[in-house]
Amino acid sequence: MRARGQGLLTVVLVGVIVALGVSFDRLGAKPPAAARPGAAQSGVWLCPHGGGPDWVATVNLANPGDAPVQARVTSMGAEGSQPSEAVVVPPGSQVRVPTPAEERGSTTYVEYFGGWVSAGWITRGASGEAGIGAEPCAPEPGRSWFSSGVSTGQDEEGYLVVMNPFATDAVFDVALFFAPPRNPVRDSELTDVTLGPGRSVAIKLNGFGEGEVAMGVGMGVSSGRVAAATTVVSEDRGIASVLASTATVRTAYLPTPAGAGQSILSLAVPTDQGSDIGALLLSKGATRPVPNLAAAALEPNSAGIFPVTPEGPTSVSVAVQEGGSIMAALRTQGPGKDDAATAGTADPATAWVVPPTVAGEPAKPGVLIVNPGDTQAIVTIRLLPIDGGGAETTMTVAPASVASVDAGFLAAEPDASVLVTAQGGSVIALGASTSSGSHADSLF
């Protein structure tokens, strides 16, 4: 996967309980629900990754278990589904599945059987649209989706990507929220949108809110079930993908790595009840408040953006102090022109699978561990490479801090998925990589 990507930050977290019980978490407004420990050994992943002319996409499937897992991968677009591809994911390893990404609305549907696998995507732009988009796939469809990870600022194209892998029509409405004094948009073209069976679509949002750097998206499905994500394409800022969330939250953790530039925290309230917000920065040093978010107020049915300046590996912790729940996203400058975007996670976990975050050479993979608790966590990191037999290492992460996994350890298998398990407390695991020579950065 070679192209002239420039700096990207994309954050994706896929949690897994090692004893075949499953939990899925991501950096996002609300991680979608997942299978519970001891659940049936089958499931699905929905990957609304989007695309564009000459784009390349890869879905990475990782199996942290001790037995092979069967999977079936189906690509979808505006004209319907393509023939499915059957793959086997060996134990302790991963499989990379190339998938079409020629359309803005390109998507991929994954079914797995006889075990559990994680799934995440990497898209690589082309034809003047340099950059990388990387996110987890959704573990189930939903009837509501929310995102504040989209914008239509100068030279930006913002898209809502929606996929319907099922045999019946899906019908949905979309509402857009902006910074005051602009009112929400509930346009007739965004009402009772019908998406046929086995199809996906990208709705360009510029026509409903051009030049909006603060934008929230709320989506309600009246018939059927779908999955959704947002994608921003910009010549100056690269590609930013964010998997939407099935619910709003009252707390969100949004990590960003060392070397990141100025970050923008995007918040939105999609209800008639406003929200009073507070935010803290966790890093290797002392916890400190975000200056302009010590006690910020968001109006009902609105959105807002707030600058954040990271100092080394950092996690932005956002909490609703009073009022309605929110959606949150963080967009961070990389060393080049390709920004990262993430919707954070509402809940730390004791186990994660972090999909690969590099696309091309030279690759400098990275993984961050955030410990938001008040006790230290002993964290084990195991690589899940294509050929299996990945190495393992252990580290201690102090309470209320952020630590980086040893870069030399990760460099041995830069394309590997990473299994992270914690004892003594719950953590958040984040991929944070640089690749492709032109400073293409990825945050998972």
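**View 1. The largest cavity of the predicted model holds about 90 Å³ of space.** A cavity is a set of points on a 1 Å grid over the protein atoms alone where a 1.4 Å probe fits but cannot get out. Grid points are joined across faces, edges and corners, and a volume is the space filled by probe spheres set on the points. Three cavities of 30 Å³ or more turn up in a search of the whole structure. Lining residues have an atom within 4 Å of a point. The largest cavity has 15 of them, with Pro-365, Val-367, Pro-414, Ala-416 and Val-418 nearest its centre. This lining is made up of 10 nonpolar, four polar and one charged residue. Here Ala, Val, Leu, Ile, Met, Phe, Trp, Tyr, Cys and Pro count as nonpolar, Asp, Glu, Lys and Arg as charged, and the others, Gly among them, as polar.

This is a predicted model: local features need pLDDT of at least 70, side-chain atom pairs count only at pLDDT 80 or more, and totals for chains, interfaces and linings use all residues. Residues are numbered from 1 along each chain as its sequence is written, and side-chain values use heavy atoms, with hydrogens and water left out.

**View 2. The largest nonpolar core contains 58 residues.** A nonpolar core joins buried (under 20% relative accessible area, 1.4 Å probe, protein chains only) Ala, Val, Leu, Ile, Met, Phe, Trp, Tyr and Cys residues through side-chain atoms within 4.5 Å. Leu-61, Leu-160, Phe-172, Leu-176 and Met-219 touch the most other members. Strand 13 (residues 170-178) gives the largest share of this core, five residues. Strands (E, at least two residues) are DSSP runs, numbered from the N terminus. Another core, of 29 residues, lies apart from it and includes Tyr-253, Trp-352, Val-379 and Val-418.

**View 3. Met-219 and its contacts (heavy atoms within 4.5 Å).** Neighbours within four places in sequence are left aside. Among the partners of Met-219 are Trp-145, Leu-160, Val-162, Phe-172 and Val-226. Arg-143 and Asp-173 also touch Met-219.

**View 4. Pro-181 and Asp-192 sit in the loop between strand 13 and strand 14.** Strand 14 spans 193-195. The peptide bond from Pro-180 to Pro-181 is cis, with omega near 10 degrees. Asp-192 is not a glycine, yet its phi is positive, about 55 degrees. Most residues other than glycine have a negative phi, and most peptide bonds are trans.

**View 5. Asp-155 lies in the loop between strand 11 (144-150) and strand 12 (156-164).** Asp-155 has a positive phi of about 65 degrees, although it is not a glycine.

Methods
1 Å grid on protein atoms, 1.4 Å probe; cavity = no way out; pocket = protein on both sides within 12 Å on 5 of 7 lines; lining within 4 Å. Buried < 20%, exposed > 50% of the residue type's maximum accessible area, 1.4 Å probe, protein only. Helix = DSSP H or I, 4+ residues; strand = E, 2+ residues; numbered from the N terminus.
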